[in-house]
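I opened my notebook today to look up a few things in a protein model. Come along and check each entry with me.

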Amino acid sequence: MNENKIETIAEFENVISEIKLGRLPFIGENYQELYRGQSKESYELKSGISRYASSPDDIGQLEKETIKDFQDLINESTNPKKFIQLSTQEDFENDWRWLEQMQHYRFPTRLLDWTLEPKIALFFAVERNFEADGQFWIFKSPLNWSCDDHFEINPYSEELDIISNSSFYVEDDYLDKIAEQRRGFQSGKFTVQDCNKSMIALENQNEIKDKFIKYVIPANSKKTFLDYVAKCNITEKTVYVKYDDEIENLVSKIKTKYNFK
């Protein structure tokens, strides 16, 4: 895995130009670039739920228990459809919708957030923890990971390496669903792996570790980059969607039960 520093806006823009050029057919590489920002240099590329598990079985059990509690609380709410719009299809769409809603309600799942927009990833790398170096990751993702219709795939499969390739267009039926809005605003994609692989940080997995490039963003450069992305209308207000009190209370109850941060 390559690791470098980005200290100036010019360096950032050069990195993005080079990575986009590198995937063009005449260059010889073939990948879809994804970006992720993390505000502390010590963080790994691991899904949220793996931080609370000591084994693959723990991941599967904890994820299912959390989803069940989430479903129960939503069914007791004043308006369950405010939280999630389920499908009448007989595939795995609803399983994915529960997972994706939970991810953007800040619950830990096996989903790991990425974006197609490098400046959004940069925002997440510099938005907080100003005393610590941040991380800007590029994933030169294999094309066979990209999944145009992940609803056809069982999210609990024993062999899973995919990028959910959902459209960013938020259909009218889902305009009031905060998770859908967030994903659209953030140009978001998810990497999803099975429980066994989820125990290992992506950058440490032998089959794909050479697909990642990590850039360290020094703490003293964070505010400069935060001003830079703000000029592109990428701010806390535009990237996040505010929750109402009922959603905040629901999230708080489940997080308290499982000691989730």
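**Ground rules**

I am working with a predicted model, in which local features need pLDDT of at least 70 and side-chain atom pairs count only at pLDDT 80 or more, while totals for chains, interfaces and linings use all residues. I number residues from 1 along each chain as its sequence is written, and side-chain values use heavy atoms, with hydrogens and water left out.

**Entry 1: the whole chain**

I began with the protein chain and found nine helices and eight strands. Helices (H or I, at least four residues) and strands (E, at least two) are DSSP runs, numbered from the N terminus. Next I looked up burial: of the 261 residues, 51% count as buried. Here buried means under 20% relative accessible area, exposed means over 50%, and partly exposed is in between (1.4 Å probe, protein chains only). I also looked at contacts (heavy atoms within 4.5 Å). Among those between residues at least 6 apart in sequence, 80% join residues at least 24 apart.

**Entry 2: two packed helices**

How does one describe two packed helices? One gives the angle between their axes and the distance between the axes. I looked up helix H2 (residues 56–75) and H3, which pack at an angle of about 85° with their axes 11 Å apart. The axes are lines fitted to C-alpha atoms, for helices over the stretch in contact, and angles run from 0 to 180 degrees between N-to-C directions. H2 and H3 are therefore roughly perpendicular to each other. My note on the words: under 35 degrees is roughly parallel, over 145 roughly antiparallel, 65 to 115 roughly perpendicular, and the rest oblique.

I then listed who makes the contact. H2 brings Glu 63, Thr 66, Ile 67, Phe 70, Gln 71 and Ile 74, and H3 brings Trp 98, Leu 99, Gln 101 and Met 102. By class, these contact residues are six nonpolar, three polar and one charged. Ala, Val, Leu, Ile, Met, Phe, Trp, Tyr, Cys and Pro count as nonpolar, Asp, Glu, Lys and Arg as charged, and the others, Gly among them, as polar.

**Entry 3: Met 102**

Is Met 102 buried or exposed? Met 102 is buried, with a relative accessible area of 1%. Leaving out residues up to four places away in sequence, I found that Met 102 touches Thr 66, Ile 67, Phe 70, Phe 107 and Thr 109. The C-alpha atoms of Met 102 and Phe 70 are separated by 8.0 Å, though the two residues are 32 apart along the chain.

I searched on a 1 Å grid over the protein atoms alone: a cavity is a set of points where a 1.4 Å probe fits but cannot get out, a pocket is an open set with protein on both sides within 12 Å along at least five of seven lines, and lining residues have an atom within 4 Å of a point. Grid points are joined across faces, edges and corners, and a volume is the space filled by probe spheres set on the points.

How many cavities of 30 Å³ or more are there in the whole structure? I noted two. The largest cavity holds about 90 Å³ of space. It is lined by 13 residues, and the closest to its centre are Ser 47, Arg 110, Gln 193, Ser 198 and Leu 202. Strand E7 gives the most to this lining, with three residues.

The largest pocket has a volume of about 1300 Å³. Of its 34 lining residues, Arg 36, Arg 51, Gln 103, Asp 113 and Arg 128 lie nearest the centre. I sorted the pocket lining into eleven nonpolar, twelve polar and eleven charged residues.

**Entry 4: two positive phi values**

Arg 106 is not a glycine, yet its phi is positive, near 75°. I found Arg 106 in the loop between helix H3 (93–104) and strand E3 (112–115). Arg 106 counts as partly exposed, at 36% relative accessibility.

Asn 259, also not a glycine, has a positive phi of about 60°. Asn 259 sits in the segment after helix H9 (245–258) and is exposed, with a relative accessible area of 63%.
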